[in-house]
Amino acid sequence: SDGAFGLSLARATLPDIVLLDVMMPGELDGLQVCQRLKSESATQHIKVVLLTARGQARDRAAGQQAGADEYLVKPFSPLQLIETIERLLEPS
């Protein structure tokens, strides 16, 4: 429902991957949630895909600085999202 709830849920369930909208309601946006997940030892392994309508170079740089594993600009196809998730979750 909002960034703080998403962060709390990720901390509690430790998923393999999280999809975050950059512009979320509440006190934390997607960039802040990503940054917090990547800065905590218990959650830094979680892959993060940022989804956004903001596609300029500075926006992508902000996503990279926050620690996002991937940055998808809307509109993107469902197939593109599926391929991104599969690639990020492939065993190394």
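This report covers the fold, the strand pairing and selected residues of a predicted protein model.

## Basis

The model is predicted: local features need pLDDT of at least 70, side-chain atom pairs count only at pLDDT 80 or more, and totals for chains, interfaces and linings use all residues. Residues are numbered from 1 along each chain as its sequence is written, and side-chain values use heavy atoms, with hydrogens and water left out.

## Fold and overall shape

The protein has four helices and three strands. Their order from the N terminus is α-β-α-β-α-β-α. Helices (H or I, at least four residues) and strands (E, at least two) are DSSP runs, numbered from the N terminus.

The radius of gyration is 12 Å, which agrees with the value near 12 Å for a compact globule of 92 residues. That radius is taken over C-alpha atoms, and the globule rule is 2.2 Å times the number of residues to the power 0.38. The C-alpha trace spans about 35 × 30 × 25 Å along its principal axes.

## Burial, contacts and charge

Of the 92 residues, 32% count as buried. Buried means under 20% relative accessible area, exposed over 50%, and partly exposed in between (1.4 Å probe, protein chains only). The protein exposes about 5600 Å², and carbon and sulfur atoms supply 52% of that area. Areas come from the Shrake-Rupley method with a 1.4 Å probe; for residues, only the protein chains shown count as cover.

Contact means heavy atoms within 4.5 Å. Among contacts between residues at least 6 apart in sequence, 50% join residues at least 24 apart. There are 9 positive and 12 negative side chains, and the centres of the two sets lie 5 Å apart. Lys and Arg count as positive, Asp and Glu as negative; His and the chain ends are not counted. Each charge is placed at NZ of Lys, CZ of Arg, CG of Asp or CD of Glu.

## Strand E2 and its surroundings

Strand E2 covers residues 47–52, and five of its six residues are buried, so the strand is largely enclosed by the rest of the structure. E2 pairs with strand E1 (residues 17–21) in the parallel sense over five bridges. Two strands pair if DSSP finds at least two bridges between them. Leu-20 stands opposite Leu-50 in E2.

Thr-52 also lies in E2. Its relative accessible area is 0%, so Thr-52 is buried. Beyond four places in sequence, Thr-52 touches Val-22, Met-23, Tyr-71, Leu-72, Val-73 and Lys-74.

## Helix H2: Cys-34

Cys-34 sits in helix H2 (residues 30–39). It is buried, at 0% relative accessibility. Setting aside neighbours within four places in sequence, its contacts include Leu-20 and Leu-50, along with Val-48, Ala-66, Gly-67 and Ala-68. Cys-34 and Leu-50 are 16 residues apart along the chain, with C-alpha atoms separated by 8.2 Å.

## Loops

The loop between helix H1 (3–13) and E1 holds Leu-14. Its phi is near 50°, a positive value in a residue other than glycine. Leu-14 is partly exposed, at 38% relative accessibility.

Asp-16 lies in the loop between H1 and E1. Asp-16 is exposed, at 54% relative accessible area. Outside four places in sequence, Asp-16 contacts Ile-46, Lys-47 and Leu-89. Asp-16 and His-45 are 29 residues apart in sequence, yet 7.7 Å apart C-alpha to C-alpha. Elsewhere, a cis peptide bond joins Lys-74 and Pro-75, with omega about -5°. Pro-75 is in the loop between strand E3 (70–73) and helix H4 (78–89).
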